[in-house]
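Open the model in your viewer and keep the selection tool at hand. The stops below say what to select next and what is there.

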Amino acid sequence: AGIPLVSHQVQLSALDRRPVQSGMADWCAANDVSLIGFGTVGSGILSNEYLGRNTPPTQEERNTASLRMYSATASRFGDWNQVQELLRTMDAIAKNVRDDGRCALANISNIAQRHVLQTPAVASVLIGVRNCDHLQENVRTHSFVLRQDEMDAIDAVIAKRKGPKGDVWDLERGVI
């Protein structure tokens, strides 16, 4: 139709790196197409709420479509111990961000969102806001930048993941 492609909305988080592993992020960066990431905190799984929990969300706790979907994403990432390693890494980085004055209230969710925002080709993220507290929390994500060593620490944990595998949207299409 002659209308240039300028953006692409994809699920993208530390738990689901399909847009990166498939090469889509690199292609988008090279072709001036911006990625808009959703699911950056995995319905709250990438938050302080789940840090230190011995088990993933229970069947009873998975009471929204979003939490059911991202619980499945987390299980594809690896076992719950791997998710906990990711949360501990992000928590330590949040402490660094607070301690060095980049953001006084940085938490795991801020680190998870910031990690996605610093992915090549990502222009923005879509966030879910269930209450007014989430608004303030999400604004904080834009008040700091992660250092390269912090990005590398998160990426080192991500490199150990089991999945999800496949191309962007393969799971959603039922290909895998």
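**Stop 1: Ser22**

Select Ser22: at 32% relative accessibility, Ser22 counts as partly exposed, a class lying between buried (under 20% relative accessible area) and exposed (over 50%), computed with a 1.4 Å probe on protein chains only. This is a predicted model, in which local features need pLDDT of at least 70 and side-chain atom pairs count only at pLDDT 80 or more, while totals for chains, interfaces and linings use all residues. Residues are numbered from 1 along each chain as its sequence is written, and side-chain values use heavy atoms, with hydrogens and water left out.

Ser22 sits in the loop between α1 (18–21) and α2 (24–30); helices (H or I, at least four residues) and strands (E, at least two) are DSSP runs, numbered from the N terminus. Show the side chain of Ser22, which reaches the backbone oxygen of Arg18 at 2.9 Å. A polar atom of the Ser22 side chain also lies 3.3 Å from the backbone nitrogen of Met24.

Which residues is Ser22 in contact with, leaving aside its neighbours within four places in sequence? They are Asp167 and Val168, where contact means heavy atoms within 4.5 Å. For a distance check, pick the C-alpha atoms of Ser22 and Gly78: they are separated by 19 Å, and the two residues are 56 apart along the chain.

**Stop 2: strand β2**

Now select residues 34–38, strand β2. Of its 5 residues, 4 are buried, so the strand is largely enclosed by the rest of the structure.

Gln11 has Phe38 of β2 as its bridge partner.

**Stop 3: the nonpolar cores**

Select Ile45, Leu86 and Ile111, the residues with the most contacts inside the largest nonpolar core, which has 30 residues. Such a core is a set of buried Ala, Val, Leu, Ile, Met, Phe, Trp, Tyr and Cys residues joined through side-chain atoms within 4.5 Å. The elements giving two or more residues to this core are α3 (65–77), α4 (80–99), α5 (108–117) and α7 (148–158). Of these, α4 gives the most, with 8 residues.

Centre on Leu86: not counting residues up to four places away in sequence, Leu86 touches Ala14, Leu15, Leu46, Phe77, Ile154, Val157 and Ile158. Finally, select Cys28, Val33, Val116 and Val168, which are included in a second, separate core of 12 residues.

Terms used:
Two strands pair if DSSP finds at least two bridges between them. A polar contact is a pair of N or O atoms within 3.5 Å; within protein, one must be able to donate a hydrogen and the other to accept it, and residues adjacent in sequence count only if both atoms are side-chain atoms.
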